[in-house]
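Dear colleague,

Please find below the structure that I am handing over to you, together with its sequence. My notes on it follow directly after.

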Amino acid sequence: MKKIVIFILGAVLITGCSFGDMMNTPTKRVEEFLGKYQTVDSVVIKQLDDVISRNDTLDSEQKKDYKELFKKQYQNLMYKIKQETVDGSKAKVDVEIEVFDYNRTIKEANLYLESHKEEFKGQDNSIDSKKFMNYKIKKIKETKDKIKYTLNFTLTKKDKKWTMDDITEIMRQKIHGMYQE
């Protein structure tokens, strides 16, 4: 009986160690990172709240709408790992993502403004930024078109554990569907 218990404990320990090693790969770290967006992780929401709160061009209702737009973006983010390259303690993981094309919608809204300024004039005959922002948010909510981008994540192995390097602002804009080429 003792031999069976020892065998089972040994198998569990070996499997546990192997499983931990399997989760410690550059690709798994990137999947974990993107998964936090898809599940609208509390850390992701805190970062989003910080960014939105610093935007003084939006009123409180618009900030709420913007937050919901980005949560929708995150939940609908699709990705495909294309390639993992490891060179010693450095690694690169190339990922193709697909997100709503909010940038295109914003460009279209800005073009619409140029030819329909009368719709957005305020009391003083200048463009009412709140009115236009509400229009833009409405159009972004209606966005169905998607766009694909390639992201190149870099990672560094420290103390036998792969950690992601900080993502660039361009990568963040691509995740948000707001990248302007």
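Is Thr27 buried or exposed? Thr27 has a relative accessible area of 16% and is therefore buried, where buried means under 20% relative accessible area, exposed over 50% and partly exposed in between, with a 1.4 Å probe and protein chains only. Thr27 is found in helix H2; helices (H or I, at least four residues) and strands (E, at least two) are DSSP runs, numbered from the N terminus. The side chain of Thr27 is joined to that of Glu84 by a polar contact of 2.5 Å. A polar contact is a pair of N or O atoms within 3.5 Å; within protein, one must be able to donate a hydrogen and the other to accept it, and residues adjacent in sequence count only if both atoms are side-chain atoms. Leaving aside residues up to four places away in sequence, Thr27 touches Ile81, Glu84 and Val93, contact meaning heavy atoms within 4.5 Å.

Please note that this is a predicted model, in which local features need pLDDT of at least 70 and side-chain atom pairs count only at pLDDT 80 or more, while totals for chains, interfaces and linings use all residues. Residues are numbered from 1 along each chain as its sequence is written, and side-chain values use heavy atoms, with hydrogens and water left out.

Overall architecture

The protein holds seven helices and four strands, which follow the pattern α-α-α-α-β-β-α-α-β-β-α along the sequence. Of its 181 residues, 32% count as buried. Among contacts with a separation of 6 or more, 67% are between residues 24 or more positions apart.

Nonpolar cores

A nonpolar core is a set of buried Ala, Val, Leu, Ile, Met, Phe, Trp, Tyr and Cys residues joined through side-chain atoms within 4.5 Å. The largest one has 35 residues, and Tyr66, Tyr74, Phe153 and Ile175 have the most contacts inside it. Two or more residues each come from helix H2 (26–38), helix H3 (42–53), helix H4 (60–75), strand S2 (90–100), helix H5 (102–115), helix H6 (129–141), strand S3 (146–158) and helix H7 (169–176). S2 gives the largest share, six residues. Apart from this core lies another, of five residues, including Ala109, Leu113, Phe132 and Tyr135.

With residues up to four places away in sequence not counted, Tyr66 touches Ile52, Leu58, Met133, Ile137 and Ile140. In H7, the residues Met171, Lys174, Ile175 and His176 are buried, and their cover includes H2, H4, S2, H5 and S3. After H7 comes Gly177, with a positive phi near 75 degrees.

Aromatic rings

There are twelve aromatic pairs in the structure. Rings of Phe, Tyr and Trp (its six-membered ring) pair if their centres lie within 6.5 Å; planes under 30 degrees apart count as stacked, over 60 as edge-to-face and the rest as tilted. Tyr66 and Phe70 make a tilted pair, at 5.8 Å centre to centre and 55 degrees between the planes. Both lie in helix H4, four residues apart, about one turn of the helix, and both are buried.

Phe120 and Phe132 make an edge-to-face pair, at 5.4 Å centre to centre with 85 degrees between the planes. Because Phe120 lies in the loop between H5 and H6 and Phe132 in helix H6, this pair ties together parts that are twelve residues apart in sequence. Phe120 counts as buried at 3% relative accessibility, and Phe132 is buried with a relative accessible area of 8%. One aromatic cluster is formed by Phe33, Tyr37, Tyr74 and Phe153.

The ring of Phe100 has the charged end of Lys72 over it, 4.6 Å from its centre, and that of Lys146, 4.9 Å from its centre. A charge sits over a ring if NZ of Lys or CZ of Arg is within 6 Å of the ring centre and within 35 degrees of the ring normal.

Backbone

Most residues other than glycine have a negative phi. Asn125, in the loop between H5 and H6, has a positive phi near 70 degrees and is exposed, with a relative accessible area of 56%. Asp159, in the loop between S3 and strand S4 (161–164), has a positive phi near 50 degrees and counts as exposed at 79% relative accessibility.

Yours sincerely
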